[in-house]
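Here is a short walk through one protein model. Keep the structure in view and follow along.

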Amino acid sequence: MLAVDGNFHLHRNKKGKADNSFTRNAGFWVDDGEFDDYIDAKGARPDSAEKNQKCHSFKAGDPSRSSQKSGKTVTGVVTVSCSRHFFIQPNGTADLHKGERFAYVDVALASVIRQQDPHQRHIHTYDIGCKYSVNFKKRVTCSVDGDVADMEAAARGSLPKDVLIAPSDFPSDFEIKVPSWHVLGHTHDCILENNLRYTPLVGRTAGEGVETIWSVMNKHQYSTREMTHGHRRDVLTDLFNDYNWKKLTKEAKRVFDAYFAAYEVYISKEAELKEIEDKIEPGKLNALREDSKSRGFEQFGAASQRGPSKSSVLIELKKNEENEKLSLLTEDERAGSRPPLPHSGALFLSNAMELEDLQYQLRTRNLDEYIAEGTVGADKRRAQHLKSLDALRRRIDEHLEALLLVAPGLSGIVLSRAQVPTSQDLYLPSSFTDKQRETLGLGMLAEQEAQLRIGAAHDHLSGLRDALGLRSLLLRAKRAHVRGHIKTTRSEASVMRASKVVERQTAGYDRNWTAIVKLGVGTSEGQPGYGLKALEEGDVGNLENFIKDQRYNGNPAELPWIWRSLGGSAPHYASASEVQKSIESWEQEVFRLTWLHARTSRDRWKEEYILLRSESERITLSFRHAAGKWRGLQPSAHLDSKVWRGVMAYGQKKGSIFEELAREASVHLAVIDRHWKAAAENSIKAPSVDAVEQAGFEGPVLEDVDEFY
């Protein structure tokens with residue numbers, strides 16, 4: 001599992017004479033000769049023939065960036081790293097010269113793939129994996145002169161210069177997905193198809209680990225960009241080695257902690273799924289399972305019609321912003337070094353709206369129950385709450401700083417700060433009057449906020465209907481199937497959780513509706529806010545209760561408006577029987593999605609803790625192997641005796657270091673194996689190290705773990 005990403009901070013200016021790197025083509029960089037041959041043959045070919053060009057608003061692979069002259073010799077780097085452990089891969093880094101074109105990425109990714117077993121399953125990630133993967137195999141296995149299928153048995157040296165992998169060596173099971181955070185910026189269908197959360201056998205892999213590499217490397221951008229070619233490469237090689245080594249020495253402990261954390265979450269997800277399945281009749285449960293087997297990725301999305309979502313609005317607004325910024329550039333700016341583009345107002349507003357939701361969650365948290373004295377885990381929850389408040393304060397500080405960048409007109413007024421972060425005004429355009437917005441120059445930002453608010457209102461309305469439908473089904477299942485004190489208690493807890501979601505979605509809609517009204521958005525037919533209105537008492541209720549109370553007399557107009565708006569289950573022209581049938585069908589769809597996502601989440605966490613156990617074993621074996629290799633190091637016979645002894649001493653020292661790492665890893669593995677055995681035999685329920693100790697298994701004592709830290 002590999003992750004690919006580009007970084008335009010690590011560029012190089014036109015400085016100094018050309019020189020060679022000491023490492024040449026070894027280490028982390030791709031083969032320069034192979035790189036030049038491939039780029040000469042395929043680098044000029046446009047990427048625009050790929051599909052899904054409007055799937056996202058990310059800059060990677062954007063052909064418009066490739067033609068810009070930046071005044072730099074190197075515009076950035078593209079790097080391949082391990083998706084699971086975030087190690088920078090050998091021969092997986094290449095310099096970028098004309099944007100993040102596919103050809104540059106091809107060489108870096110193919111150079112690493114060639115080192116892997118083609119018979120294994122390959123699941124890789126890239127920010128634009130949806131369109132990058134379409135013709136990847138064809139690009140790296142076929143020459144521009146035609147197919148090379150007849151050369152499957154050929155060695156690498158006899159392949160055409162523009163072929164990176166022989167067809168017979170290309171992995172038979174190969175996919176490129178989108179990292180878990182970036183995928184949320186893609187279209188709805190793309191999210192379903194390329195989301196790692198819906199991909200079997202990958203655990204909780206996020207694919208975003210390469211971003212942590214850039215957070216370390218970007219600190220050195222100001223020095224490396226002024227270096228010569230060879231000097232820069234050698235320095236970056238040293239930095240990559242240092243980064244990998246520091247991670248290597250901590251990896252056994254990281255995997256150890258992650259294993260027990262993953263098992264704890266897996267147990268909770270297993271319990272949640274069981275609660276849901278206990279409420280489903282056996283025949284219907286089997287039907288759900290069979291239906292899931294026969295369907296693809298589309299099953300993770302709702303079948304009903306939805307209103308415009310906030311994410312789709314954000315994608316469109318960011319595209320418009322980028323086009324507007326490019327249109328303002330002069331010819332000289334296009335030909336030379338482009339000035340930094342202003343901050344995205346749309347992205348700023350989207351983040352601010354998420355911040356509002358976080359404020360609401362912390363403001364409405366019932367602290368009397370959450371951190372009540374004497375309850376299990378009260379101290380831990382109290383510490384988590386304080387940590388959440390600190391994180392909220394930091395995010396608000398960052399928000400207010402960014403506010404002055406996207407709305408410089410506010411720099412002349414005093415923005416007061418509340419003592420309690422949950423009540424802090426975020427000073428969005430909707431916080432001001434029409435006259436104030438005009439005076440402060442917030443007109444464009446107000447238009448963007450209005451569009452985002454409309455999308456967010458539809459999101460909350462959809463979530464409200466789903467939560468009401470789920471609560472209705474849970475109540476119905478509780479009355480029909482739940483028997484016994486334990487199951488009744490669990491069922492009531494499920495209903496309470498669904499009710500809290502109803503409250504949160506209602507509050508979210510009210511918050512966005514208030515902003516829509518302040519921004520003066522029209523809601524009549526043909527206007528942007530059509531289909532939205534204020535929530536009143538009686539609107540938020542289960543349809544089942546509404547119909548049973550005989551308040552519905554066959555006229556859909558008498559139904560609460562939330563069920564008749566865009567995405568609702570009852571169209572205006574429906575008869576009474578059609579409405580009832582539509583309601584039942586829609587509620588079953590909500591329950592299907594609830595069960596499906598609960599099962600999928602359980603499966604990913606189960607895979608995660610299984611993967612972590614295997615990784616702990618591989619870490620131990622790899623350390624032992626490295627120790628043996630270093631201990632057995634044999635220098636060349638022609639070396640001077642003093643140099644020979646120095647090489648031998650260095651090998652012995654490295655060997656002893658890896659032996660110590662192997663001993664540490666073996667202690668962690670022993671504890672994990674004992675827990676693994678106990679969990680398999682159901683002899684312990686608590687996923688903790690203490691539980692393993694209490695189980696009394698033989699082997700290294702747990703104090704052996706503590707002596708390392």
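Start with Phe-102. Its relative accessibility is 1%, so Phe-102 counts as buried. Keep in mind that this is a predicted model. Tyr-132 is buried too, because its relative accessible area is 1%.

These two residues belong together. The structure holds 20 aromatic pairs. A pair of aromatic rings is described by the distance of the centres and the angle of the planes. For Phe-102 and Tyr-132, the centres are 5.2 Å apart and the planes stand at 85°, so the pair is edge-to-face. Phe-102 lies in helix α3 (residues 102–113) and Tyr-132 in helix α4 (residues 129–132), so the pair ties together parts that are 30 residues apart in sequence.

Tyr-132 also pairs with Phe-136. Here the ring centres are 5.5 Å apart and the planes are at 40°, so this pair is tilted. Phe-136 counts as buried because its relative accessibility is 1%.

One aromatic cluster is formed by Phe-256, Tyr-259, Phe-260, Tyr-263, Tyr-266, Tyr-609 and Trp-676. Look at Trp-676 in that cluster. Over its ring sits the charged end of Arg-613, 5.2 Å from the ring centre. Trp-245 has a charge over its ring too: the charged end of Lys-654 sits 4.4 Å from the centre.

Now turn to Glu-251, in helix α9 (residues 229–278). Is Glu-251 buried or exposed? Its relative accessibility is 3%, so Glu-251 counts as buried. What does Glu-251 touch, leaving aside residues up to four places away in sequence? The answer is His-85, Phe-87 and Ile-619. With His-85 there is a polar contact: the two side chains are joined at 2.7 Å.

Finish at strand β1 (residues 2–7). Six of its six residues are buried. In a regular strand the side chains alternate between the two faces of the sheet. In β1 both faces are covered. Leu-2, Val-4 and Gly-6 are buried on one side, and Ala-3, Asp-5 and Asn-7 are buried on the other.

Which strands pair with β1? One is β4 (residues 76–82), which runs antiparallel to β1 and pairs over six bridges. Within β4, Thr-79 is the bridge partner of Asp-5. Another is β6 (residues 121–126), which pairs with β1 in the parallel sense over two bridges. There, Val-4 has Tyr-126 as its bridge partner.

Conventions: Residues numbered from 1 in each chain as written. Predicted model: local features only at pLDDT ≥ 70, side-chain atom pairs only at ≥ 80, totals over all residues. Heavy atoms only, no water. Helix = DSSP H or I, 4+ residues; strand = E, 2+ residues; numbered from the N terminus. Buried < 20%, exposed > 50% of the residue type's maximum accessible area, 1.4 Å probe, protein only. Polar contact = N/O pair within 3.5 Å; in protein donor to acceptor, adjacent residues only side chain to side chain. Contact = heavy atoms within 4.5 Å. Pairing = 2+ DSSP bridges. Phe/Tyr/Trp six-rings, centres within 6.5 Å; stacked < 30°, edge-to-face > 60°. Lys NZ or Arg CZ within 6 Å of the ring centre and 35° of its normal.
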